[in-house]
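User: I would like to go through this model by way of a few questions. Please end each reply on the item asked for.

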Amino acid sequence: MKVLFIHGIGEVGGAERELLTYMDYLPSRGYEPTVICPERGPLRTALDARGIRTFGAAFPPWRKLAGIWKRFPSVWALRTLIGELQPDLVHVNEFWWVPQTLRAIPRNRKGMLPLVAHFRQDLPGEKVSQYELAEVADVCAVSEQVAGTLRRAGLDANRVHVLHSGLAQTWLERSDGSLRARVRGELGLSDDDLVLATVAHLFERKGYEVALRALHRIVQAGLPAHYLIVGTGDPGYERRLRELCRELRIGPRVHFVGFRDDVRACLEAADLYTQPSLMEGFGISVLEAMACGRAVVASRTGGVSDSVVENVTGLLVPPGDVDRLARACCELLHDEARRTSMGTAGRRRVIKCFSVERMMSGLTAVYGAAAQRAAGSVPVLMPS
């Protein structure tokens, strides 16, 4: 089966790392993946390095006035590519690009190509109609909460499938400490420094300003804490975050390292992982931190509670609550034995519940359901 992936972001974050995992595992399962994404950027570089057929395209914001004049040429270019590639199924890797893709898929006497869309954000239900998800054959929701949002918004429950992220075995390999030492040395950090880390795009919904204000309180409490921020995104938002660091006088303790292809090394350098998101579909970086044996302090939002077990693998706090986030981080930074115990429990949970094999079996089951529905057969539901 020839599967065409549509992805409109050129940077690499959690959704993109998962897309790259699909590329690594689909060929051995009998699928031929191709990707249409922005012409340049870290994602394109990573796809080219894997030898994946990749084509460049523009993806203007669909619901913003600034992008309205770019819609027709972007749809036409995408339609031309799809016509040339002749895929058996199209997978839109995030719902943002569903309207453009729907208009680009050619109709014929057999109907429309099977279309699968991913919903990776915990957003209001009206997005379902705004982004025309009812026209999609099947939708993959990254968490139980996201799936519930889609069903309550009116999508056919048989077409909504919970597909948790999964990590490859390489994430579970034991580290000898060299990665931790390398990154700490690069940042000028000693073994005595306590390091928090977040791996996520620099977008407002990720809640970085909450974490920075919490760091200020942690430092005031006397802990030698630093904060490692891994990711790129909105330049304007990054400027605001850097200004906040200056206002709080924590600039030397905050390390903006941008895009890194050695996420594992950055997580190894941390003592505690934090996910301060104001909204979050699932948070694959949380899984990656757990796989590295790191305890997690995260916002109780979206699908984070699907992975983090309260008081077992980490602590959950209300989104946007600076005081609760700071107190939870202080609690674990003060208690190395508890952090270690939670990290060990997190590794076990990833192995049991979030393996790449489980994710890929679920994904290919969704493809089977979409293909059979397009052929007029009774749909096959994903196994629980």
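User: Leaving aside neighbours within four places in sequence, which residues is valine 350 in contact with?

Analyst: This is a predicted model, in which local features need pLDDT of at least 70, side-chain atom pairs count only at pLDDT 80 or more, and totals for chains, interfaces and linings use all residues. Residues are numbered from 1 along each chain as its sequence is written, and side-chain values use heavy atoms, with hydrogens and water left out. Valine 350 lies in helix 14, where helices (H or I, at least four residues) and strands (E, at least two) are DSSP runs numbered from the N terminus. With contact meaning heavy atoms within 4.5 Å, the partners of valine 350 beyond four places in sequence are Leu167, Leu172, Leu287, Met290, Ala291 and Ser355.

User: Is valine 350 buried or exposed?

Analyst: Buried means under 20% relative accessible area, exposed over 50%, and partly exposed in between (1.4 Å probe, protein chains only). Valine 350 has a relative accessible area of 1%, so the residue is buried.

User: How are helix 13 and helix 14 oriented to each other?

Analyst: Helix 13 (residues 322-333) and helix 14 (residues 336-353) pack with their axes 6 Å apart, at an angle of about 100 degrees. Axes are lines fitted to C-alpha atoms, for helices over the stretch in contact, and angles run from 0 to 180 degrees between N-to-C directions. Angles under 35 degrees count as roughly parallel, over 145 as roughly antiparallel, 65 to 115 as roughly perpendicular and the rest as oblique. The two helices are therefore roughly perpendicular.

User: Which residues of helix 13 and helix 14 make the contact?

Analyst: Helix 13 contributes Glu331, Leu332 and Leu333. From helix 14 come Glu336, Arg338, Arg339 and Met342.

User: With which side chain does the side chain of arginine 120 make a polar contact?

Analyst: Arginine 120 lies in the loop between strand 5 (115-119) and helix 5 (126-130), and is buried, with a relative accessible area of 7%. A polar contact is a pair of N or O atoms within 3.5 Å; within protein, one must be able to donate a hydrogen and the other to accept it, and residues adjacent in sequence count only if both atoms are side-chain atoms. At 2.8 Å, the partner of the arginine 120 side chain is the side chain of glutamate 18.

User: What share of the 384 residues of the protein chain count as buried?

Analyst: The protein chain has 15 helices and 13 strands. Its C-alpha trace spans about 70 × 45 × 40 Å along the principal axes. Of the 384 residues, the share that count as buried is 56%.
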